[in-house]
Amino acid sequence: MDDQESQIHQLVESAEREQDRGSELRRDALTKLIEVAHSSNSQLKCYAANHIRYFFNDFPDLEEDAINVVYDLCEDQDSRVRIEGYRAISSVSAVENKWVKRNSDVLVQLLQSDEPEEVAVVKTALCDHLDMDPGVTLGVLCDQIIPPEYAIDEEEQQIRDRLRSLVIAFLKVDAVESIIRKYTKTPGTDTENVLVSQLLMAIKRLETRDVEVIIKDLLLMMPCYIPGSARGMDLLHVLIDKARSSLNVKSNDLGSIKTIDFYISLAHFVAIQKRVASPVVLLRFYCTSLMGKPVLQRFSPEEQLVLAGRVVEALEACEDESRLRPQICSHEQLSFLRRQVVDGVPNLLEALHDTKLESSTMWDTLRSLLLACKHRKEREDWVVPFNLATSISRFQTQAEQWGPGNNSDEIRVLIRSLTETSMSQASSSTTVDGDGLYERPAHLPARPQIGRPPLKRPDMSRPSHTSTSGAVSNSRPAIQTRDSGSVALPKRSLSSGEAVPHIKRAKTEFTEERQLTPSLLSRMTMPIPNDAEKASRKRGGAGKTRTDDSSEPDKHPMSGYSIKGAAAHAERGEESRDPTPRTSSLLDRMNRSEGMDGGGKWKRHRGKA
């Protein structure tokens with residue numbers, strides 16, 4: 001030790017023994033320590049760092065100079081001097097509490113040191129500041145975690161990102177025990193409010209990288225996060241808002257989907273696994289924002305299977321809450337949520353129906369979804385819609401191939417119980433009723449009634465041929481339905497095995513009417529008393545006959561038969577198939593008794609003269 005060092009030691013020791021804290025001797029000692037802190041002697045620098053604290057609080061006008069000297073020592077080229085400077089910061093804060101916030105901020109910056117030994121001293125100094133004023137120090141630490149609202153350049157962004165990770169690591173590893181056991185042990189303290197509010201703010205602004213550590217390793221470790229707590233609900237709402245905002249970004253790129261899945265998984269962890277928030281809120285979010293087909297299709301098949309499993313777990317958690325804590329999830333809420341889940345089951349089943357994803361997890365998820373449908377069916381007298389029954393039935397073959405075990409027997413029973421009724425109703429609905437209309441499935445709303453006249457069937461009791469004078473009539477009018485353009489004819493009653501000719505579609509209405517016009521033979525078969533003889537004599541006197549020029553002898557000619565043609569047709573036995581007895585006309589009796597000549601004139605039988 002040289003003379004200069006000896007003189008400084010003597011001065012400082014004398015000043016420390018001075019009772020008057022504002023004496024000139026103490027001021028001279030503090031001034032000398034500030035001076036030697038800027039010297040090139042490392043020994044004096046370390047001595048100054050260790051003794052400034054004894055005089056720092058006595059002279060407010062020298063505080064700023066003294067604290068700046070301490071900060072300079074923390075940036076000295078000599079590692080020993082820097083370490084003493086770190087310790088001097090803690091000693092100054094212990095003497096004057098108003099410097100805790102500023103000194104904590106300096107120590108946070110010093111976490112970026114590349115020397116592990118120095119970093120250890122800095123962390124110890126930070127822990128000391130937590131003991132001095134935990135609320136202020138935690139606020140400073142959280143300020144370094146929350147991203148700024150204003151834009152910063154790339155270099156500063158990198159510095160802040162690195163510093164943020166260092167602060168989170170410090171809180172997670174070095175300070176968490178003190179935070180849990182001392183600073184937040186009593187719920188509702190100012191320290192707890194500062195830490196929770198600041199970390200929630202950080203979650204709102206941060207990207208995904210550090211959020212998981214903040215939630216799992218810091219927030220949920222605090223005693224205030226207990227089942228059903230208000231703190232847990234606040235955290236769940238923040239995570240749901242982050243997931244919803246990511247869903248509103250209409251993008252299917254991998255980064256966007258990963259972000260959505262990240263926040264959904266954290267929300268599920270908070271509400272379902274840790275149970276620190278109500279699962280009702282989470283399940284409602286699943287039903288309203290995730291179970292739609294367009295949203296599900298944004299995820300890969302593997303991710304869709306995971307989402308379906310999370311919906312099932314959330315529903316089961318709500319059922320547990322309804323039993324244990326009905327004030328959190330009432331019976332009415334549970335029924336409503338179950339209906340929402342069941343309404344979205346067809347989309348979830350479509351996501352599950354992938355043979356590549358067949359596993360015990362898939363079958364467990366399917367079983368839970370089918371049980372939800374069964375509970376609704378049994379408790380609400382609900383009919384399984386046809387589209388849902390179709391989706392469920394697609395798993396029947398897979399369940400049979402899965403073999404025994406893995407709930408396969410129970411799944412097969414559930415599939416049959418949910419699909420038999422709907423499928424039978426769907427099968428019966430395919431039969432046509434009397435009016436030619438299909439019955440609608442029972443679960444669909446009634447079809448609006450459209451007024452139309454009822455379709456009438458022809459009266460088969462009426463005679464098939466009628467005689468009108470001066471007009472051509474059709475005794476079998478065509479019936480055209482509303483739904484098709486085809487022409488349907490009423491059936492004819494068959495007598496004595498009469499063959500029904502194949503009805504082809506008429507090219508024109510005129511041709512059809514001509515084919516259906518009653519012939520002369522059909523009119524002659526009807527008894528017309530007193531008129532038949534007169535008509536036959538008139539035609540016979542004309543001396544003209546009409547011949548049947550039809551190429552098909554089994555069909556009536558278009559224009560009817562002449563008297564001679566009718567007689568010839570009768571001789572061929574065409575009318576012998578009619579089992580109905582006919583009354584013989586006067587013309588028939590005269591033919592049998594007298595006969596006719598070839599010209600249609602009557603021959604008289606005369607006796608010999």
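Helix axes are here lines fitted to C-alpha atoms over the stretch in contact, and the angle between two of them runs from 0 to 180 degrees between N-to-C directions. In this predicted model, helix α14 (residues 254–273) and helix α17 pack with an angle of about 25 degrees between such axes, which lie 11 Å apart. The protein has 28 helices and two strands, and buried residues make up 40% of its 609 residues. Among the contacts between residues at least 6 apart in sequence, 65% join residues at least 24 apart.

**Packing of α14 and α17**

- Because angles under 35 degrees count as roughly parallel, the angle of about 25 degrees makes α14 roughly parallel to α17.
- The crossing of these two helices, α14 and α17, is left-handed.
- On the α14 side the contact is made by Ile257, Lys258, Asp261, Ile264, Ser265, His268 and Ile272, while α17 contributes Glu303, Leu307, Arg310, Glu313, Ala314 and Ala317.
- Glutamate 319 also belongs to helix α17, which spans residues 301–324, and with a relative accessibility of 19% glutamate 319 counts as buried, since the cut-off for that class is under 20%.
- When residues up to four places away in sequence are not counted, glutamate 319 touches Leu334, Arg338 and His375.

**Packing of α10 and α12**

- Helix α10 and helix α12 (residues 208–218) pack at an angle of about 15 degrees with their axes 11 Å apart, and the two are therefore roughly parallel to each other.
- As α10 passes α12, the crossing is left-handed.
- The residues that meet are Asp161, Arg164, Ile168, Leu171, Lys172 and Val176 in α10 and Arg209, Asp210, Val213, Ile214, Asp217 and Leu218 in α12.
- Lysine 172, which lies in α10 (residues 154–183), is partly exposed, with a relative accessible area of 37%.
- Leaving aside residues up to four places away in sequence, lysine 172 touches Val213, Asp217 and Leu218.
- Lysine 172 and lysine 216 are separated by 44 residues in sequence, and their C-alpha atoms are 9.8 Å apart in space.

**Aromatic rings and a charge over a ring**

- The count of aromatic pairs comes to three, and one of them joins phenylalanine 56 and tryptophan 99 in an edge-to-face arrangement, at 6.1 Å centre to centre and with 70 degrees between the planes.
- This pair links distant parts of the chain, with phenylalanine 56 in helix α4 (residues 53–56) and tryptophan 99, 43 residues apart from it, in the loop between α6 (79–95) and α7 (100–109).
- Phenylalanine 56 counts as buried at 0% relative accessibility, and tryptophan 99 is buried as well, with a relative accessible area of 8%.
- The rings of phenylalanine 285 and tyrosine 286 have centres 6.2 Å apart and planes at 45 degrees, so this pair is tilted.
- Phenylalanine 285 is buried at 3% relative accessibility, and tyrosine 286 is also buried, with a relative accessible area of 1%.
- Lysine 216 lies over the face of phenylalanine 269, at 4.7 Å from the ring centre.

- Glycine 85 lies in helix α6 and is buried, with a relative accessible area of 0%.
- Glycine 85 and leucine 73 are 12 residues apart in sequence, whereas their C-alpha to C-alpha distance in space is 5.0 Å.

- Arginine 275 has a positive phi of about 55 degrees although it is not a glycine; arginine 275 is found in the loop between α14 and α15 (279–290) and counts as partly exposed at 24% relative accessibility.
- Aspartate 381, likewise a residue other than glycine, has a positive phi near 50 degrees; aspartate 381 lies in the loop between α20 (360–380) and α21 (386–393) and is exposed, with a relative accessible area of 71%.

Technical notes. Residues numbered from 1 in each chain as written. Predicted model: local features only at pLDDT ≥ 70, side-chain atom pairs only at ≥ 80, totals over all residues. Heavy atoms only, no water. Phe/Tyr/Trp six-rings, centres within 6.5 Å; stacked < 30°, edge-to-face > 60°. Helix = DSSP H or I, 4+ residues; strand = E, 2+ residues; numbered from the N terminus. Buried < 20%, exposed > 50% of the residue type's maximum accessible area, 1.4 Å probe, protein only. Lys NZ or Arg CZ within 6 Å of the ring centre and 35° of its normal. Contact = heavy atoms within 4.5 Å. Parallel < 35°, antiparallel > 145°, perpendicular 65-115°, else oblique. Left-handed = near helix turned anticlockwise from the far one by under 90°.
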